[in-house]
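Please look through the sequence and the model below before reading on.

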Amino acid sequence: MTAAAPAPQAALGPETPLTLVTALYDLGAREPARQRRSTVTYLRLYEYLRTIPLPML
Amino acid sequence: MVAAFTGVRYLRRAVRSGQAAALNLGVASTGGDRLAFLDADDVWAAEKLRLQGQALDANPAIDVVYGHMRERVIGAGAPAGVIARDGAVRCAELPGAMLIRRAAFERVGGFDTRFTLGSVVDWYARSCEAGLHSLTLPDVVYERRIHGANTGITQARHRTDYLQVVKAALDRRRARPADRKPGP
């Protein structure tokens with residue numbers, strides 16, 4: 001059995017500011033690759049970013 | 001073909017202007033108090049309008065009702081590099097999956113014609129920012145067909161539109177004083 005890769009935020013550390021780039025990275029890690037390019041992916045990205053306080057973006 | 005359907009009007013633009021302009025033209029050409037959208041290559045579920053209409057009837061405070069979509073890979077399917085799974089069901093706040101009160105749509109405004117791709121994501125973002133109240137049904141309300149000639153595939157060079165849409169939403173948040181306060 002292969003160990004699961006650490007979640008991107010855990011790997012980056014909780015103190016790391018979450019930028020649009022890291023948000024994309026995080027999203028890409030959470031969803032199957034097949035979804036990365038779809039319109040729905042960007043709906044989810046928008047909603048994901050809405051949950052993050054602006055000072056962290 | 002259109003002539004075979006009672007009550008259907010076919011609108012044709014002199015110049016091909018893209019999805020957003022087509023949707024806006026459709027809205028401007030109608031007078032009903034509820035709006036629904038369907039791309040030429042997609043298919044609504046037979047019960048879509050009835051289910052979503054009932055949801056609006058039963059919930060006066062709800063502005064827009066969404067549903068789920070089922071991906072359908074047809075013909076030769078998606079070209080290499082474009083991944084789709086036949087039969088996959090996903091929640092989709094897309095025009096094809098919604099029924100919206102006209103007044104609510106007009107509060108948000110039309111689809112932004114600056115985007116070749118992503119105008120529907122931009123519209124959804126603006127609808128959230130406008131405070132629209134939504135409801136998502138568990139039902140599959142339409143099938144989105146993947147066939148290799150989808151706009152997202154043929155216009156792939158415009159995919160950066162999507163990120164511009166998301167960045168524009170961030171910029172709008174930053175411009176609102178209430179959102180500039182530090183988080184809890």
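## Helix H3 of chain A against helix H6 of chain B

In this predicted model, helix H3 (residues 39-50) of chain A packs with helix H6 (residues 160-175) of chain B at an angle of about 20°, their axes being 10 Å apart. Here axes are lines fitted to C-alpha atoms, for helices over the stretch in contact, and angles run from 0 to 180 degrees between N-to-C directions; helices (H or I, at least four residues) and strands (E, at least two) are DSSP runs, numbered from the N terminus. H3(A) and H6(B) are therefore roughly parallel to each other (angles under 35 degrees count as roughly parallel, over 145 as roughly antiparallel, 65 to 115 as roughly perpendicular and the rest as oblique).

The contact is made by Tyr42(A), Leu45(A), Tyr46(A) and Leu49(A) on H3(A), together with Tyr162(B), Val165(B), Val166(B), Ala169(B) and Leu170(B) on H6(B), where residues are in contact if their C-beta atoms, placed from the backbone, lie within 7 Å. By class, this contact of H3(A) with H6(B) has 9 nonpolar, no polar and no charged residues (Ala, Val, Leu, Ile, Met, Phe, Trp, Tyr, Cys and Pro count as nonpolar, Asp, Glu, Lys and Arg as charged, and the others, Gly among them, as polar).

## Helix H4 of chain B and its partners

The axes of H3(A) and helix H4 (residues 119-129) of chain B come within 9 Å and cross at roughly 25°, which makes H3(A) roughly parallel to H4(B). This crossing of H3(A) past H4(B) is right-handed. Thr39(A), Tyr42(A), Leu43(A) and Tyr46(A) of H3(A) meet Val120(B), Val121(B), Tyr124(B) and Ala125(B) of H4(B), and the residues of this contact divide into 7 nonpolar, 1 polar and no charged.

Within chain B, H4(B) and H6(B) pack at an angle of about 20°, with their axes 9 Å apart, and are therefore roughly parallel to each other. Their contact is made by Val121(B), Asp122(B), Ala125(B) and Glu129(B) of H4(B) and by Tyr162(B), Val165(B), Ala168(B), Ala169(B) and Arg172(B) of H6(B); by class, it has 6 nonpolar, no polar and 3 charged residues.

## Strand pairing in chain B

Strand S2 (residues 43-44) of chain B pairs with strand S6 (residues 134-146) of chain B in the antiparallel sense over 2 bridges, pairing being assigned if DSSP finds at least two bridges between two strands. Val43(B) stands opposite Glu143(B) in S6(B). Strand S3 (residues 64-73) of chain B also pairs with S6(B), in the parallel sense and over 9 bridges, and there Met69(B) stands opposite Tyr142(B).

Chain A has 3 helices and 0 strands, and buried residues make up 12% of its 57 residues. Phe5(B), in the segment before helix H1 (19-28) of chain B, is exposed, with 9 other C-beta atoms within 10 Å (a residue is buried if 20 or more other C-beta atoms, placed from the backbone, lie within 10 Å of its own, exposed if 12 or fewer, and partly exposed in between).

## Numbering and confidence

Residues are numbered from 1 along each chain as its sequence is written, while chains are lettered from A and ligands numbered from 1 in the order in which they are written. As the model is predicted, local features need pLDDT of at least 70 and side-chain atom pairs count only at pLDDT 80 or more, whereas totals for chains, interfaces and linings use all residues.

Key
Two residues are in contact if their C-beta atoms, placed from the backbone, lie within 7 Å. A crossing is left-handed if the near helix is turned anticlockwise from the far one by less than a right angle, and right-handed if clockwise.
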